[in-house]
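Here is a short briefing on one structure. Look it over first, then read the notes by topic.

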Amino acid sequence: MSLVALALLATGPSAADYRVRLPEDEVIYFLLPDRFENGDPSNDRGGLTGDRLQTGFDPTHKGFYHGGDLTGLTKRLDYIQGLGATAVWVAPIFKNKPVQGPPGQESAGYHGYWITDFTQVDPHFGTNAEFKALVDAVHARGMKFYMDIVVNHTADVIHFAECEGKNGCPYRSIADYPYQRRGGVTGAPINFGFGGGGDDSAANFAKFKDPNYAYTVKIAPAEKDIKRPAWLNDPIYYHNRGDSTFRGESSTMGDFVGLDDVFTEHPRVVQGMIDVFSTWIDQYGVDGFRIDTAQHVNPEFWQKFVPAMLARAKARGIPHFHVFGEVAMDDMDPAHTAENTRVDRLPSVLDFAFLHAVRHAVAGEAPTAELAKLFRADPLYEGGAAAALRLPTFISNHDSPGHLATFIQRARPGAADNEVLRRVMLANAMLLTLRGVPTIYSGDEQGFAGKGGDQDARQDMFQSQVASYNEDKLIGTSATTAQANFDTNHPLYREIAELARIRTSHRALTRGLQLVRYSSDKPGLFAISRFDPDGGREMLLLFNTSMQPVEQNVQVETRSAQFTALAGPCPTAAQAPGSVRITVPPLGYAVCDAR
Ligand SMILES: [Ca+2]
Ligand SMILES: [Ca+2]
Ligand SMILES: [Ca+2]
C-alpha cells in the first residue's frame, strides 16, 4: 500500500477523491425523501391547495405525503455519514402526479414512482436548486449521489374506454390484438405496414400512427399536457395493452398496475429518455442511477441507453458511474438477475438473491448451504465473480412487507427481542463484510420492523403521525416512531458504523474475491475468506446462524499464520499451516485479518 493510500485511509474519503473510487468501494444508504426529514414545512403540500386528494399531503396516512424534503435530507447528512455510508441513493425526486387511484382507494406519489415531469423536482420535495445544493453537499463530504430513475412507466394518466369504471384492465396480447387492427383480429385495418416493435427503425415506426389497437385511449382534458418533456403526452409512445400480469409478453408491455407503460422500443422514446437523463448527469454531476422496474423494459432499450449514460458521465468527469437495475423477485434465483446483466447489458443489478438467502439463513429457515449456493452462482453475471462485487446487496427494502426484523419475527414467533436483535446484527455483519455493495435501507439502523405491507415498511425517520407506525415495537430500543429516530447510539447504528469502518479500510472487504470455507445442510457455521487484490492477504469471515456455539477446524491459506480480530472472537494463530481452530458464540460473527 502506498503512503498516499495510507493517508486516505487515515482521513477517510476526501472531497477530492470520491470520483476515483470504484462502485464496490461504497457503502450505500437508501432513503425515501418524503419519510426522512422535513426541513421546510412550507413545501409540504407541494404548492397545491385543498384536502389530501388535491395536495397529496396527509401525515397521518401511510399512503400520502408526510412532508420530508431535500432540505431536510441535506441537514441530516452528518447522521448518514456517521453511519459509515459513502454514497446515498435517494428514491425518485421527479415531479409526480400527486394523487391517483380509483375512488376510495387513492394514494399519493410520496414514493416518487409516478412521474409526470422528468425535468423537475417534485415541489413536495423542493426545487431543482435545492436538489443541486443537496448533491453539492454530498460531494463536499466525499460521498456519492445515486439517483433513482424510472423509464418503464409514467404516472397513470392514460385510461381505456373499455375499462371505464372497472377496477383494472386485463392485458390484451399482440396475438389477440395485433397492431394492424383496431380492437382485435377482425377489426378495421390501422397502422398499415407497421411490423411491430421488433424492428426499431425510424421507417418502421413512421407507419405507427394509431394507439387504439388493443384499447381505446382516453386522457382527461385537464391532464393532456401534464407530462414533460412534451413528447410524453402523445399516447403513441405507450403500449396501451392493459395491466401486466408480470408473465410473458405482458412483463415488458403491460401497465404496472395502471401506470402508463412507455413504448421503449420506439426510437423517439430511446432518444427522448437518453436526453432526459443525460441532462441530470450534465447539470448535477450525479454518480449513478438505480433503475426502477428494469426487467419490465425490453433489453434493446438498455443496450442503447446504458452506454449513452456511461459515455455522458465519462465526458462529465465521472469515470465510475454506477448503473444498477431493480430486477425484483420473490425467491433465491441468481439466474434470474444475472440474465439482465448478460442480455440487457445492465452493468449491475440489485442483489435480490442475496436478500432472500440472508433473510432465510439468519432467520434459521435455511441451512448455511443456502449462502454457499448464492455465491456459487456469481460466475453467471456478465463479467463473472468480479462483476458480482458491484451488485448492491441489501437485507431490507421499501417494497418488502417490512424491514428484515419483521421477517425474523414471523419466522420465529415468540422469539425474545434480544434474539431478534442478534439475528438482525448477524445479517448486518453479512451485509457489510460479504461481496457486493452494502445498501442500508433507512430505518434498519434504528430497529424499524413493520406490519406487513410495502407502505408499512416506509416509516418516517422524523416524528411520525401515522398511528399504525407508532404502535410498532422497534428493535434494540424503547423508542417508537412517534418521536424522531436519529439515534447515533442505537445498537444497530453503532454496529453498522463499526462494520462499515472496518469494510472501507480493508480492500479485501471491498474488492476481494471470495472462497467459501465451510457451510452445511443446517443452521450453524458459514465460513468464507476474502482476499486483498494486492498481495492476496486473507480475511476470514465467520458467521454462526444457530443458537448453539460452534467450535471446529476451518481451512485457511497456509501463509495465514497470525490473525487479528477486527470484530468478534478470532483465533490468534493457525494451529498448523492451513488450519485454524475457531469458536463462534450463538448467532455470533467474527472478522479475522490474517498475516
Ligand atoms: Ca417539507
Ligand atoms: Ca394508465
Ligand atoms: Ca414496460
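Contact means heavy atoms within 4.5 Å. Helices (H or I, at least four residues) and strands (E, at least two) are DSSP runs, numbered from the N terminus.

This is a predicted model: local features need pLDDT of at least 70, side-chain atom pairs count only at pLDDT 80 or more, and totals for chains, interfaces and linings use all residues. Residues are numbered from 1 along each chain as its sequence is written, chains are lettered from A and ligands numbered from 1 in the order in which they are written, and side-chain values use heavy atoms, with hydrogens and water left out.

**Antiparallel sheet**

- Strands β17 (residues 538-544) and β21 (residues 589-594) run antiparallel, joined by five bridges.
- In β21, C592 stands opposite L540.

**Parallel sheet**

- An open sheet of eight strands runs β12-β11-β10-β7-β2-β1-β14-β13, with parallel pairing.
- β12 (348-349) and β13 (392-393) stand at its edges with a single partner strand each, so one side of each has no neighbour in the sheet.
- β2 and β7 (residues 144-149) run parallel and are joined by four bridges.
- K144 in β7 stands opposite A87.

**T86**

- T86 sits in the loop between α4 (77-82) and β2 (87-90).
- T86 is buried, with a relative accessible area of 8%; buried means under 20%, exposed over 50%, partly exposed in between (1.4 Å probe, protein chains only).
- Beyond its neighbours within four places in sequence, T86 is in contact with R21, D25, E26, V27, G142, M143, K144 and T504.

**Calcium site**

- D156 (OD), I158 (O), G258 (O) and D260 (OD) coordinate the calcium ion (ligand 2) at 2.3 to 2.4 Å.
- Donors are N, O and S atoms within 2.8 Å of the metal (3.2 Å for Na, K and Ca); water is not among the atoms, so sites may look incomplete.
- The donor residues are spaced D-x1-I-x99-G-x1-D in sequence.
- Both G258 and D260 are buried.

Terms used. Pairing = 2+ DSSP bridges.
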